[in-house]
Amino acid sequence: MADFADDDEFADEIVGYVERGEAHLNSLIQERSNFVRAAISRGAFVDAVSKALEDPAVGKDPQNCKDLNLQVVMEALSAPRANEVSLVVQQLAPFQLDTLIKFVYRGMAHPDLYSASMLLGWHEKVTEVTGLGSIVRVMTDRQTV
């Protein structure tokens, strides 16, 4: 049983956290990156975004893996034109939309690297679909990306 005074252990026990090695995570992220690039080149933006959001590095995973994963997601989010974002968002599952909002906020923390206007466009389209619920869930989730 977890000591509920230790928030990190409590959060890990709730979500069933399993520590993954850095090399393993890097290989998963590289495979995901290859798939995302191929999907983008075919114009399959829903597939690219969906795959980019799959099994992200979270919580206690190594920070450099989280950073690599962020780059893959940002590449997928940058590919569709602004008028195509809504079509992509409508085809994602609710849990994917919550993960997407996590990455949008993470990207907004780096305005020197990622386009704020592009991220705000994604944020707008997701909140049109999910309302404020997605924002609240992401703000209260301990498993950051």
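Q: Before we look at helix packing, what are the axes, and between which directions do the angles run?
A: Axes are lines fitted to C-alpha atoms, for helices over the stretch in contact, and the angles run from 0 to 180 degrees between N-to-C directions. Please keep in mind that this is a predicted model.

Q: Understood. How many helices and strands does the protein chain have?
A: The secondary structure comes to eight helices and zero strands. Read from the N terminus, the order of elements in the protein chain is therefore α-α-α-α-α-α-α-α.

Q: And what percentage of the residues count as buried?
A: The protein chain has 145 residues, of which 39% count as buried.

Q: What share of the contacts joins residues 24 or more positions apart?
A: Among contacts in the protein chain with a separation of 6 or more, 73% are between residues 24 or more positions apart.

Q: Which residues of α4 are buried?
A: They are C65, K66, N69, L70, V72, V73, M74, A76 and L77.

Q: Why does V73 count as buried?
A: Its relative accessibility is 1%, and buried means under 20%, so V73 counts as buried. V73 lies in helix α4.

Q: Which residues does V73 touch, leaving out those up to four places away in sequence?
A: V73 touches A52, L53 and F103.

Q: How far is V73 from A48, in sequence and in space?
A: V73 and A48 are 25 residues apart in sequence, and their C-alpha atoms are 8.7 Å apart in space.

Q: Now the helix pairs. At what angle do α3 and α4 pack?
A: The angle between α3 and α4 is about 160 degrees, and their axes are 9 Å apart. Angles over 145 degrees count as roughly antiparallel, so α3 and α4 are roughly antiparallel to each other.

Q: Is the crossing of α3 and α4 left-handed or right-handed?
A: The crossing of α3 and α4 is left-handed.

Q: Which residues meet there?
A: From α3, A48, V49 and A52 take part, and they meet N69, V72, V73, A76 and L77 of α4. By class, the contact of α3 with α4 has seven nonpolar residues, one polar and no charged.

Q: What about the loop between α3 and α4; which residue is found there?
A: D55 is found in that loop. D55 has a positive phi of about 45 degrees although it is not a glycine.

Q: Which residues of α2 and α3 meet?
A: R32, F35, V36, A39, I40 and R42 in α2 meet F45, D47, A48, K51 and A52 in α3. The residues of this contact of α2 with α3 comprise seven nonpolar, no polar and four charged.

Q: Turning to α6, how many of its residues are buried?
A: Eleven of the 15 residues of α6 are buried, and α6 is mostly covered. Among the buried ones are L97, L100, I101, F103 and V104. The buried residues of α6 pack against α3, α4, α5 (85-90), α7 and α8 (133-140).

Q: What is the reach of α6 from its first C-alpha to its last?
A: α6 reaches 21 Å, close to the 21 Å expected at 1.5 Å a residue.

Q: And how do α4 and α6 cross?
A: The axes of α4 and α6 cross at roughly 100 degrees and come within 10 Å. Angles of 65 to 115 degrees count as roughly perpendicular, so α4 is roughly perpendicular to α6.

Q: Which residues form that contact of α4 with α6?
A: Q63, K66, D67, N69, L70, V73, M74 and L77 in α4 meet L100, F103, R106 and G107 in α6. The contact of α4 with α6 has six nonpolar, three polar and three charged residues.

Terms used. Residues numbered from 1 in each chain as written. Predicted model: local features only at pLDDT ≥ 70, side-chain atom pairs only at ≥ 80, totals over all residues. Heavy atoms only, no water. Buried < 20%, exposed > 50% of the residue type's maximum accessible area, 1.4 Å probe, protein only. Helix = DSSP H or I, 4+ residues; strand = E, 2+ residues; numbered from the N terminus. Contact = heavy atoms within 4.5 Å. Parallel < 35°, antiparallel > 145°, perpendicular 65-115°, else oblique. Left-handed = near helix turned anticlockwise from the far one by under 90°. Nonpolar A, V, L, I, M, F, W, Y, C, P; charged D, E, K, R; others polar. Expected span 1.5 Å × (residues − 1).
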